[in-house]
Amino acid sequence: MGETSSDTLSSAFMAEFLRKSGGIAIIDGGFATELERHGADLNDPLWSAKCLLTSPHLVHRVHMDYLEAGADIIITASYQATIQGFESKGFSRNESESLLRKSVEIACAARDNYYVRCNTSTSDEAGDGKIFKKRQILIAASVGSYGAYLADGSEYSGDYGDSITLEVLKEFHRRRVQVLAESGADLIAFETVPNKLEAKAYAELLQEENIRIPAWFSFNSKDGIHVVSGDSYSECVLIAESCRNTVAVGINCTPPRFIHGLISSIKKVTTKPIVIYPNSGESYDADLKEWVQNTGVSDEDFVSYVTKWCETGASLVGGCCRTTPNTIRAIYRTLSKR
């Protein structure tokens, strides 16, 4: 897509994309757990971003799995990729920036490969359930929170301590956002935003740096009323809403049972498209750094929620932690029946 010089262009871009997607677009699902399923070892502060160094072919593979499951938007493996994180591993500033770009390059290559397969496929759906439907596919460059960089679970609390000010957060994210905005991605996804301060940092950065590509903001909640820090969900949405680049606002990494109520509260304060990609509902133990088994919902239950979310007002739906290509394929099948 070309440069967007105003909120009108950004809004038109998303409206046109959603029109082509039949009113609702499908986002991919959990990334790190899929990398692990393919054999990646993510026991590292860089987490999924480690694969940009050690196994880019697995990153490509997971993107392909989601495209073949029917995703219209794939999110890059840059959630935990920060310049500061790479530098702490001994990489130079230039090397760190090129790893950020690489996350987008891999996603773009997967999209290109997928289109080649669509062109050679005789039908929209192969016998093994893989989807080969030629459609517009967007690449969303993921920006994880400051808490994700800390790798201590604080993106699930939003508690960064008194020393972390608005200016500190802006400086932390500034160059990363610039690099991703110029990397060839279609939009920036500010994901798992845990507090109002970080939302404000992102919104001000987009303006200060005159970022030309659209963005979405998605917050996480533990109670269905507030973001995880305890800040007002509506106030956070209003910060995102006020930013001219914002093309969607919503929720990720939140248990499915809270989503319906949160969509209703978002609708009271924004007219922008609503983006929803919850986790499977499983609990994460930040001390053990692992998911608590059997605390989530099945794919069938997850998908049964999706229709209700779309009826309530969600326009972009997918999954977050612990959801899989099977979850996304089930969403694709459910929505294509509409």
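**Labels and their grounds**

Analyst: One aromatic cluster is made up of Tyr146, Tyr149, Tyr160 and Phe172. The model is a predicted one.

User: How many aromatic pairs are there by this rule?

Analyst: The count is 15 aromatic pairs.

User: Why is the pair of Phe86 and Phe91 called edge-to-face?

Analyst: The ring centres of Phe86 and Phe91 are 6.3 Å apart, and a pair needs centres within 6.5 Å. Their planes stand at 80 degrees, and planes over 60 degrees apart count as edge-to-face. The pair is therefore edge-to-face.

User: What makes Phe302 and Trp309 an edge-to-face pair?

Analyst: Their rings lie 5.7 Å centre to centre, with 90 degrees between the planes. Phe302 and Trp309 are both buried.

User: Why is Asp65 called buried?

Analyst: Its relative accessible area is 15%, and the cut-off is under 20%; Asp65 is therefore buried. Asp65 belongs to helix H4 (residues 56-67). Beyond residues up to four places away in sequence, Asp65 touches Arg37, His38 and Pro325.

User: Why is Gly184 called partly exposed?

Analyst: Gly184 has a relative accessible area of 45%. Exposed would require over 50% and buried under 20%, so Gly184 is partly exposed. Gly184 sits in the loop between helix H8 (166-181) and strand E4 (187-193). Neighbours within four places in sequence aside, Gly184 contacts Val104 and Cys108.

User: How do you know that the charged end of Lys134 sits over the ring of Tyr115?

Analyst: The charged end of Lys134 is 5.0 Å from the centre of the Tyr115 ring. The distance limit is within 6 Å, and the direction must be within 35 degrees of the ring normal. Lys134 is listed as sitting over the ring.

User: What lines the second largest pocket?

Analyst: The lining has 15 residues, with Ser21, Gly22, Ile24, Asp72 and Lys133 nearest the centre. Helix H1 (7-20) and helix H13 (325-336) are the elements that give two or more residues. H13 gives the most, with 3 residues. By type, the lining divides into 5 nonpolar, 5 polar and 5 charged residues.

Technical notes: Residues are numbered from 1 along each chain as its sequence is written. This is a predicted model: local features need pLDDT of at least 70, side-chain atom pairs count only at pLDDT 80 or more; totals for chains, interfaces and linings use all residues. Side-chain values use heavy atoms; hydrogens and water are left out. Helices (H or I, at least four residues) and strands (E, at least two) are DSSP runs, numbered from the N terminus. Buried means under 20% relative accessible area, exposed over 50%, partly exposed in between (1.4 Å probe, protein chains only). Contact means heavy atoms within 4.5 Å. Rings of Phe, Tyr and Trp (its six-membered ring) pair if their centres lie within 6.5 Å; planes under 30 degrees apart count as stacked, over 60 as edge-to-face and the rest as tilted. On a 1 Å grid over the protein atoms alone, a cavity is a set of points where a 1.4 Å probe fits but cannot get out, and a pocket is an open set with protein on both sides within 12 Å along at least five of seven lines; lining residues have an atom within 4 Å of a point. Ala, Val, Leu, Ile, Met, Phe, Trp, Tyr, Cys and Pro count as nonpolar, Asp, Glu, Lys and Arg as charged, and the others, Gly among them, as polar.
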